[in-house]
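Subject: The structure for you to look at

Hello,

Here is the structure I promised to pass on. Please open it beside this email, and I will go through what turned up.

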Amino acid sequence: MGVGGTLEYVSDLLSSMKKKKKKKQIQTVAIKIRMDCEGCARKVKKVLSGVKGAKSVDVDLKLQKATVTGYVEAKKVLAAAQSTKKKVELWPYVPHTMVANPYVAQAYDKKAPPNHVRKVPDTATVTETTVDNRYIHMFSDENPDACSIM
């Protein structure tokens with residue numbers, strides 16, 4: 001092994017010891033943002049396009065949804081969207097087939113798009129509903145003081 005081979009070996013060894021940067025993954029960040037008109041939608045699209053690493057921005061005025069795709073982080077997208085002084089949150093809805101109990105009180109939302117519910121943890125059960133047992137007992141056949149209409 002000559003001098004050239006030794007230098008090449010040392011060079012390879014030193015270059016492999018340098019800290020390698022992790023490549024960012026392309027992500028899609030969806031946010032729910034309050035927009036009233038086309039002007040609001042243009043303003044939101046312009047601000048979100050300015051986020052470092054954003055490749056494409058889609059704004060859906062009807063769903064009140066903005067989707068940013070690229071080498072972005074959710075925190076930075078939220079911060080940029082909040083700079084528009086509009087009500088902003090990460091997209092809270094998932095298809096109703098993805099939730100174990102879509103009829104749990106926490107999951108149901110009137111403002112959700114069709115066939116979507118709020119994302120809730122799987123620990124939420126049907127017993128955690130807003131219906132109170134005393135209302136069920138009030139109209140029960142076993143209750144002698146039940147409603148006389150029944």
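Which residues make the nonpolar surface patch of about 390 Å²? Tyr9, Val10, Leu13 and Leu14 make it.

Before more details, a word on the source. This is a predicted model, in which local features need pLDDT of at least 70 and side-chain atom pairs count only at pLDDT 80 or more, while totals for chains, interfaces and linings use all residues. Residues are numbered from 1 along each chain as its sequence is written, and side-chain values use heavy atoms, with hydrogens and water left out.

Back to the patch. A patch here takes residues with over 30% relative accessible area and no salt bridge, joining like charges within 9 Å and nonpolar side chains (Val, Leu, Ile, Met, Phe, Trp, Tyr) within 5 Å. The areas come from the Shrake-Rupley method with a 1.4 Å probe, and for residues only the protein chains shown count as cover. One of the patch residues, Leu13, sits in helix 1, which covers residues 3–17. Leu13 counts as partly exposed because its relative accessibility is 41%; the classes are buried for under 20% relative accessible area, exposed for over 50%, and partly exposed in between (1.4 Å probe, protein chains only).

The overall layout

The chain has four helices and six strands. Both are DSSP runs numbered from the N terminus: helices are H or I with at least four residues, strands are E with at least two. Read from the N terminus, the order is α-β-α-β-β-α-β-β-β-α. Of the 150 residues in the chain, 26% are buried.

Two places show how parts of the chain sit relative to each other. Leu90 belongs to strand 4 and is partly exposed at 42% relative accessibility. Val117, in strand 6, is buried, with a relative accessibility of 7%.

The largest pocket

The largest pocket has a volume of about 300 Å³. Lys32, Arg34, Gln64, Glu89 and Lys111 are the closest to its centre among the 14 residues that line it. Strand 1 (27–33) and strand 4 (88–90) are the elements that give two or more residues to this lining. By class, the lining holds six nonpolar, one polar and seven charged residues.

For the terms: on a 1 Å grid over the protein atoms alone, a pocket is an open set of points with protein on both sides within 12 Å along at least five of seven lines, where a 1.4 Å probe fits, and lining residues have an atom within 4 Å of a point. Points are joined across faces, edges and corners, and the volume is the space filled by probe spheres set on them. Ala, Val, Leu, Ile, Met, Phe, Trp, Tyr, Cys and Pro count as nonpolar, Asp, Glu, Lys and Arg as charged, and the others, Gly among them, as polar.

Salt bridges

How many salt bridges does the structure hold? There are two, each being a side-chain nitrogen of Lys or Arg within 4 Å of a carboxyl oxygen of Asp or Glu. Side chains of opposite charge can pair when their charged atoms come close.

In one, Arg34 pairs with Asp36, and their closest N and O atoms are 3.5 Å apart. Arg34 is exposed at 52% relative accessible area, and Asp36 is exposed at 55%.

In the other, Arg118 meets Glu89 at 4.0 Å, N to O. Arg118 is in strand 6 (residues 116–118) and Glu89 in strand 4, so this pair ties together parts that are 29 residues apart in sequence. Arg118 is partly exposed at 24%, and Glu89 is partly exposed at 30%.

Two backbone details

Lys85 is not a glycine, yet it has a positive phi of about 65°. Lys85 lies in the loop between helix 3 (74–82) and strand 4 and is exposed at 76% relative accessibility. Asn115, also not a glycine, has a positive phi of about 65°. Asn115 is in the loop between strand 5 (93–95) and strand 6, and is exposed at 55%.

Best wishes
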